[in-house]
Amino acid sequence: GGDYKPLKLLLVSNRWRSGQPKPGVFFSTPTPVSTGLIVHVHGGGFIAQTPKSHEFYLRTWTKHLKFPIVFIDYSLAPEAPFPTALDEIVFAYSWILKNLKQLGTTGEKIVFIGDSAGGNLIVTAAMKMKDFGLRLPDRIIPCYPVTLLRTVVSPSRFLTLTDPILPIGIMFACLNAYNGKVPSNDVIEFWKETRR
């Protein structure tokens, strides 16, 4: 593993549920526990984004799905290269399994969702959890996951040559930062901009 810091989890729920800490003075009686839970892992090229960057749509999801959502605020590269984020996801999931009541759920149904780099992390974390004999999520939903981490010729690599959102140079710089290689000045500037 790498260098570890205290890990933060954000609980997003549209209702105060039995077992959850009381959110404030406006709630008098908690609603019953949920049967499900969503565990969300954000994208951001392994170097950017936070719970705040995804909170808006997570609040919409919890309102419509009626499940609480736990957002894992994993450590970012380049300060925390591989395998730090992966290890933190597995550790957080282990903690979640032991603390379902505090999260307002029975945990009958657990869904793991991650976008982009988060999609990579949920898939690789599930593989590691299986090796450790942990209960696996009932569903794993990687949204446009980063799965090809090697520098090889492929149709998707060809398309990134003209991608206006994530140019190939930034993509490789993010992957290098995650793999512990010294990032270029471009990725450092990109990284600083996304953390403001």
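A residue is called buried when its relative accessible area is under 20%, exposed when that area is over 50%, and partly exposed in between, judged with a 1.4 Å probe and protein chains only. By that rule Pro 137, at 9% relative accessibility, counts as buried. The structure is a predicted model, in which local features need pLDDT of at least 70, side-chain atom pairs count only at pLDDT 80 or more, and totals for chains, interfaces and linings use all residues. Residues are numbered from 1 along each chain as its sequence is written, and side-chain values use heavy atoms, with hydrogens and water left out.

**Overall architecture**

- The protein chain has six helices and five strands, which are DSSP runs numbered from the N terminus (helices H or I, at least four residues; strands E, at least two), and their order along the sequence is β-β-α-β-α-β-α-β-α-α-α.
- Of the 196 residues in the protein chain, 42% are buried.
- Among contacts (heavy atoms within 4.5 Å) with a separation of 6 or more, 71% join residues 24 or more positions apart.

**Nonpolar cores**

- A nonpolar core is a set of buried Ala, Val, Leu, Ile, Met, Phe, Trp, Tyr and Cys residues joined through side-chain atoms within 4.5 Å; the largest one holds 34 residues, of which Tyr 74, Ile 89, Phe 112 and Leu 121 touch the most other members.
- Two or more residues of this core come from each of strand E2 (34–41), strand E3 (69–73), H2, strand E4 (105–115), helix H3 (117–132) and helix H5 (168–178), with H2 giving the largest share, seven residues.
- A second, separate core has eight residues, including Val 12, Ile 38, Leu 58 and Val 111.
- Beyond its neighbours within four places in sequence, Leu 121 is in contact with Val 41, Phe 46, Tyr 74, Ala 85, Leu 86, Ile 89 and Tyr 178.

**Surroundings of Pro 137**

- Pro 137 is located in the loop between H3 and strand E5 (139–143), and, leaving out residues up to four places away in sequence, it touches Tyr 93, Ile 110, Phe 112 and Met 129.
- Although Pro 137 and Tyr 93 are 44 residues apart along the chain, their C-alpha atoms are separated by 9.4 Å.

**Trp 95 in helix H2**

- Trp 95 belongs to helix H2 (residues 84–98) and, with a relative accessible area of 33%, is classed as partly exposed.
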